[in-house]
Amino acid sequence: MQTEQIRTEVHQFIESNFIFNKKKTLGEDESLIDSGVIDSTGVLELIAFLEQRFQVKFEDNELVAENFDSVNKIIRFIGKKSTGMAA
Amino acid sequence: MCGIGGIVNFSDRHDPPSLEILRSMVGAIRHRGPDEFGVYRDVRAGLGHARLSIVDLSTGQQPLSNEDDTLWIIFNGEIFNFIELRQELEKLGHTFRTHSDTEVIVHAYESWGVDCFERFNGQWALALWDSEAKSLILSRDRIGVRPLYIHEHEGRLWFASEVKAIFADPSVPREIDVRGLAQTFKYWAPIAPTSLYIGIEELPPGSTRIYRSDGTRQDIRYWRPTYNEKKVGYSSLAEATDLLREKLTRATQIRTLRADVPVGSYLSGGLDSSLIARLGREAKAGTFQTFSIRFEDAEFDETDYQRVMAATIDSNHREVVVTKNDIASVFPDVIRHTERPILRTAPAPLYLLSQLVRDSGIKAVLTGEGADEMLAGYDLFREAKIRMFWANQPASKVRPSLFDQLYPYLVRSPQQARGMALEFWKRGLDRSSLPGFSHDPRWMTTSSLQRFFSAETRSCLESNAPCEYLETLPPEFAKWDPLAQAQFIEVETLLSSYLISSQGDRMLMAHSVEGRFPFLDADVMEFCNSLPAQYKLNGLNEKFILKKVASGIVPEKIIRRSKQPYRAPDAVSFFGKHAPEYVEDLLSEQALRDNGLFDTNVVKGLHAKCRQRAANSDVVFSNTDNMGLVGILSTQLVVDQIIRNNESRTGRDIKFTTLIDRVLVSSHQQ
């Protein structure tokens, strides 16, 4: 899948599941945690979506902010996983 | 217990307070005191009272006066040490006509002035009118168990137990104060003196206010929690344990016995209420009633533990089973009583529980509120401790692993959830030496809900910011240990502002039941606040000393339970095929636009998400979605019921059985 399509879908998911506000644009490097977009229980929803939609698996030790806390970080993580590299 | 309401003029240019308005005010809170209604009126002041007769059934009517009828009181509450105070006052020469604690207050004020309140051990919201000096005293107990709201306008004052009684006067404007709304969506409730309504002030707990005849006023904060470690009367944990047990026993005893009606007890299945129920049961002979909530959903249910305790004390035990549908169907009534938005549905089952108590013919119950605040029971205290430890070495991998000890019950892939939780607890570790560190995670998560506010609300807040609670901390706060600091904040922001009010007093009073709280006994609180931190939170072992107090008195199985915070099914209760119509109505675009408080599109998104997720039976709502949905829905209900309709006006036609009217009809227009 093309990176731009992944980016679009990730934005769409975050918007319709957490922000609910089409007028708010989420920065590509904006921290989801710090901006209050997701809480600790909500992030499980994000992980479930990413795993299912992009066929990647977060190992327990990969559940760190570095891998999911912004759109760019998510894209990087999916990219690494898709090419078979360890995160 | 009771309800009070009154109107006082601070100049002679106003007409005397209208008897009919006073009748409406008292009628609006008749649920707080359905047994007798009384009013006093003179040219300057009107004092109304709705009585729930518990002490001195035959002669304790209110309003009540001193020996020469110059000082008048209306009072909601109980002064549990009234017997001892009366003895002191009789020695000072006072004579008493009744056997009530109400009369004791009047004479105490005569002898000791405004210093009298510090001698009271109990719960109260009261008004004392000096008809000669034309001055008014308002006072509330230390924790604010009993409520008191105030409205001032052009030389006239209204005050009452609940806002709905002030709004019973149609001349009082009704509008949501978005500052109170913003505080709700951060601290869980407005913090006194801020309220949810413009022009309505909440008298802070532990306060006395004096209004002089010209309307000028003086505020006295006679009590705020303080934590100065001083081992008075004990030199070891064992001795402290004995002392605490003694004080709790006495506190429970006077709350069980000092009533002319039987007193029962709530039983949640947890340590606190189990201990109180046991102590209550031992205080009196004869039958002892206990009451519990059972949940249809196993996730929230604590039936086994409740029944074990009921059997241990051989009580007459009654239960009410609560389903999600029950919660949704009583929710509007619940909000009519809280008069404020809530972020969790936890008060709703308590509304049903007090109904059970009332139906069983009981007017007063002991309950365990306060123990978690006084003796460090909440997870928040343990989390704060680990976070602080972690903050000392942020790079450590070992320190955060302590969180594993906190949440062994995490159901789905514990590692996954733990990993996630760590990312959130890591936030703000650099703030570990700043006040409020303990509460940052809760406040940050809750504040994120403000993204649901409409542009209108937000712009109003920009020019009119709500009070920052942390700016009100007393200077001595900095000297206390971190646990005490966290406890102080929890007492003021959670216990007083939300738990004891929305979940406590309002839910009990909705069915005319008086709650009695041994853990909020003045002597017990003072003792708990003097304990060293490790007696309260020992490592990560919460309520350490209380577990020792309970040993041998409460079954080990209950003492050893890991802390289960009392919770009820939240947002999920409002969806599904049996969901009541009001949910869709109040969350509709039109309803949201009419009230203008929330952004219609953002709420629509949340609403759609909840509806969709609820359709899948094993899906769990996230914490913020839960709070958001419940918070927005309850705010809409507040506007609907308190601002617009002020509920049905039936039942307002009460008859005053005590009527003292000093206004000469011929010289004033009514």
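Reader: What makes seven strands of chain B a sheet, and in which order do they lie?

Author: First, the ground rules. This is a predicted model, where local features need pLDDT of at least 70, side-chain atom pairs count only at pLDDT 80 or more, and totals for chains, interfaces and linings use all residues. Residues are numbered from 1 along each chain as its sequence is written, chains are lettered from A and ligands numbered from 1 in the order in which they are written, and side-chain values use heavy atoms, leaving out hydrogens and water. Now the sheet. Strands (E, at least two residues) and helices (H or I, at least four) are DSSP runs, numbered from the N terminus. Two strands pair if DSSP finds at least two bridges between them. In chain B the order is E10-E8-E9-E1-E3-E2-E18, with mixed pairing, and the sheet is open.

Reader: Which are the edge strands of chain B's sheet?

Author: E10 (200-202) and E18 (658-661) of chain B, since each pairs on one side only. Neighbouring strands are turned by 15° against each other on average, direction ignored. Axes here are lines fitted to C-alpha atoms, for helices over the stretch in contact, and angles run from 0 to 180 degrees between N-to-C directions.

Reader: How do you know that E2 and E3 of chain B pair?

Author: Six bridges join E2 (residues 36-41) and E3 (residues 45-51) of chain B, in the antiparallel sense. Pairing asks for at least two. One bridge sets B:Arg41 against B:Gly46 in E3(B).

Reader: What lies across E2 and E3 of chain B?

Author: Helix H1 (residues 19-28) of chain B does, and H1 also lies across E1 (2-9), E9 (156-160) and E18. H1 runs at about 150° to E1(B).

Reader: Why is strand E11 of chain B called largely enclosed?

Author: Buried means under 20% relative accessible area, exposed over 50%, partly exposed in between (1.4 Å probe, protein chains only). Five of the five residues of E11 (residues 207-211) of chain B are buried, so the rest of the structure largely encloses E11. B:Ser207, B:Arg209 and B:Tyr211 point one way, B:Thr208 and B:Ile210 the other. In a regular strand, side chains alternate between the two faces of the sheet.

Reader: Which strands pair with E11 of chain B?

Author: E7 (residues 135-140) of chain B joins E11(B) through four bridges, running antiparallel. There B:Ser139 has B:Thr208 as its partner. E12 (residues 217-221) of chain B pairs with E11(B) over five bridges, also antiparallel. B:Ser207 stands opposite B:Arg221 in E12(B). The hairpin of E11(B) and E12(B) has five residues between the strands, and B:Gly215 takes a positive phi near 90°.

Reader: Why is B:Asn121 called buried?

Author: The relative accessible area of B:Asn121 is 12%, and the cut-off is under 20%. B:Asn121 lies in the loop between H3 (101-112) and E6 (122-130) of chain B.

Reader: What makes a nonpolar core, and how many residues has the largest?

Author: A nonpolar core is a set of buried Ala, Val, Leu, Ile, Met, Phe, Trp, Tyr and Cys residues joined through side-chain atoms within 4.5 Å. The largest has 187 residues. B:Ile143, B:Tyr197, B:Leu275 and B:Phe574 have the most contacts inside it. Helix H17 (residues 482-509) of chain B gives the most to this core, with 14 residues. Apart from it lies another core, of 30 residues, among them A:Phe18 and B:Phe424.

Notes:
Contact means heavy atoms within 4.5 Å.
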